[in-house]
Amino acid sequence: MSDIPSDLKYTQSHEWVRALPNDQIEIGITDHAQAALGDLVFVEVPELGRRLTAGAACAVVESVKAASDIYSPVDGTVVANNAALASNPELVNQAPYAGGWLIRIAVDSGNAAANLLDATQYERFLADEAQ
Amino acid sequence: MGLKTPLYDIHLREGAKIVDFGGWDMPLHYGSQIDEHHAVRSDAGLFDVSHMAALDLTGGRVREFLRHLLANDVAKLTVPGKGLYSCMLREDGGVIDDLIVSFMTESWFRMVVNAGTRAKDLAWIRAQAAAYEVEVRERVDLAMLAVQGPNARAKTAMLLPAADRDKLLGLAPFVAAEFGRWFVARTGYTGEDGFEIALPAEDAAAVWAALRAAGVRPAGLGARDTLRLEAGLSLYGNDLDEDHDPLASGLAWTVAFEPTSRSFIGRNALERARAAPRFELVGLVLEDRGVLRSHQSVTTTGGQGDITSGTFSPSLSRSIALARVPVGTQGTVTVEIRGKPLAARVVKPPFVRRGKSQI
C-alpha cells in the first residue's frame, strides 16, 4: 500500500498539497504516483515568479519510461522551487512528501484550492481507480 | 488479462510490476529498473524472454528456403549451432520482423522471433515455406531465459554438471549448443556477454530459482530497453517496421547483397533504395537536460528526421536516442521537446558496450 499522510490534501491527478502559513502551499507528487512512474530521471520545475493557473501544467517529471505533467491546484505565483531535483530527481522516489517536494506557491487571494481530497478520500479514489 | 509465461507466478513473488507487452503480461521491473540496469552492466541479470517465439524449421530444403526468405544469407552458417541476425522483408523492402536463425543440421534450423509479431511472422513464413516443403513448428513447449552481464556465463555454468561446464564456457559468440534439456546460445540484447537459454517450460521455475541462488538478479523489460538502446540494438516496432527498409533502419550490415545470384524476398526494392539512399539511423546524445523520446522531431541541416527510440541512459547519466535522419547528417542537430529546441550530438551507436562508454 502506498503512503498517504493524513495532514495533506490531494488532487485526482496525484499531486499532494501542503498548507503553509501566509496563504502559501507546497506541492509534490504522491507516493502512489512516484511508484507508478518508476525511477525518476528528470524534473523540470517553473522558475520563481512564474504565474500559475489552476488546472494547467506547471512542471514535468520524467521517469526512464515516460514523461508526466504536474498540474497546479491553484491560481498563484511560484515563490520557491526545489533546486536539488535538477541533480537528484530520485529524491521524488525516495521521499515524495519531504525532500521530493516540487514548488511552493503564493495563492492568489480568495482563490483557495477547490475540489481537493483528504487522505481518506484519496485512498478511496486510488481504490476506485484500481478497479 | 494477457498471455502469461511459465514464470508469471514467480514474477509476482519477486515483486514485479506487470505490464502488457505485445499481448503478454510481463515484468516491467522488480522495484528499480535503474538498479536492474546497473546489475546487468556490472554483474549478472536474469530476464524472462519466454514471450518470444522459438520456431523449428525442418525439411531437406530448409537452407535453400531460408536463403530466399531472409535478407541476410544463411550460407554464412557452416558450423552447427551458429546463429545469424537477419531481417525478414516484404517484397517492397519493409521489415516484417528481425530475428535470429541458428543452423542446427542440414534439415533443422531454429528461429527466434519477436512476441508482438509472432502471428504475422508464422503466417508469412508458412505461406512462403509451402513451395519448399519446409515444416514450421512453434515451440510453445519451451520457456526462454536470458542471463546477461560480465559474470553471467560463469554463474550459469555453476548450474551444469562439471563435465559440461567447459563446453558451455567454450561456446563462441552467436553459437548455440544443447546441454541436456537446455538449448543455450551465446547471444543477448544488452551489449553484455551472456546466454539465452531455451528449455522445457516445466523446468523454467527451478532454473530461475537456481540462477537466483547463484546470485543472478531479476531484471524486467524496463532495464532490457535501456540496455539494448545503450547497446545500439534495434527494437522492432520502434526503430524497425514495415514502412521502412533495413537500409533506412541502421541495418544495412545485415543485408547480404553478395552473392548477386541469390534472389531473396525484398532484394529488388533494396537494390533501388541502395542506389538512392534518403534516410539513415544514427545515435543522438542530448547535450541539454531532458529526455529524448520516440516521435520527437529532429531538425538537421539536411531536413527533418524523427527519434525512433529515446530514453535516459543509466550508464551515461544523460539522454540518448536512435533517430532516422537524412543521409549524411553529422555534428549537432536540434530536437524539439515540449516546444523547446534542445541540442543533440550525432554519434555512431553503440553508446555503451561491455560496460564501457563508446561516446
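Which residues does B:Ser319 touch, not counting residues up to four places away in sequence? Select B:Ser319 and you'll find B:Leu286, B:Gly290, B:Val291, B:Leu292, B:Gly310, B:Thr311, B:Phe312 and B:Ser313 in contact with it; contact here means that C-beta atoms, placed from the backbone, lie within 7 Å.

Some housekeeping before moving on. This is a predicted model, where local features need pLDDT of at least 70 and side-chain atom pairs count only at pLDDT 80 or more, while totals for chains, interfaces and linings use all residues. Residues are numbered from 1 along each chain as its sequence is written, and chains are lettered from A and ligands numbered from 1 in the order in which they are written.

Stay on B:Ser319, which sits in strand S17 (residues 318-326) of chain B. Strands (E, at least two residues) and helices (H or I, at least four) are DSSP runs, numbered from the N terminus. B:Ser319 counts as buried because it has 26 C-beta neighbours inside 10 Å; the cut-offs are 20 or more other C-beta atoms within 10 Å for buried, 12 or fewer for exposed, and partly exposed in between.

Next, jump to chain A and select residues 15-20 and 24-29. These are strands S2 and S3 of chain A, paired in the antiparallel sense over 6 bridges; strands pair if DSSP finds at least two bridges between them. Look for A:Leu20, whose bridge partner in S3(A) is A:Gln24. S2(A) and S3(A) form a hairpin with 3 residues between them, and A:Asn22 in the turn has a positive phi of about 60°.

Now for a sheet. S4, S6 and S7 of chain A make an open, antiparallel sheet in the order S4-S6-S7. Its edge strands, S4 (40-44) and S7 (67-71), each pair on one side only. Zoom in on S6 (residues 57-63), which pairs with S7(A) over 5 bridges, and find A:Ala57 with its bridge partner A:Tyr71 in S7(A).

Last stop: residues 119-130 of chain A, helix H3. Its 12 residues reach 17 Å from first C-alpha to last, close to the 16 Å expected at 1.5 Å a residue (1.5 Å times one less than the number of residues). Is H3(A) largely buried or largely in the open? Of its 12 residues the number buried is 1, so H3(A) lies largely in the open.

Notes
Contact = placed C-beta atoms within 7 Å.
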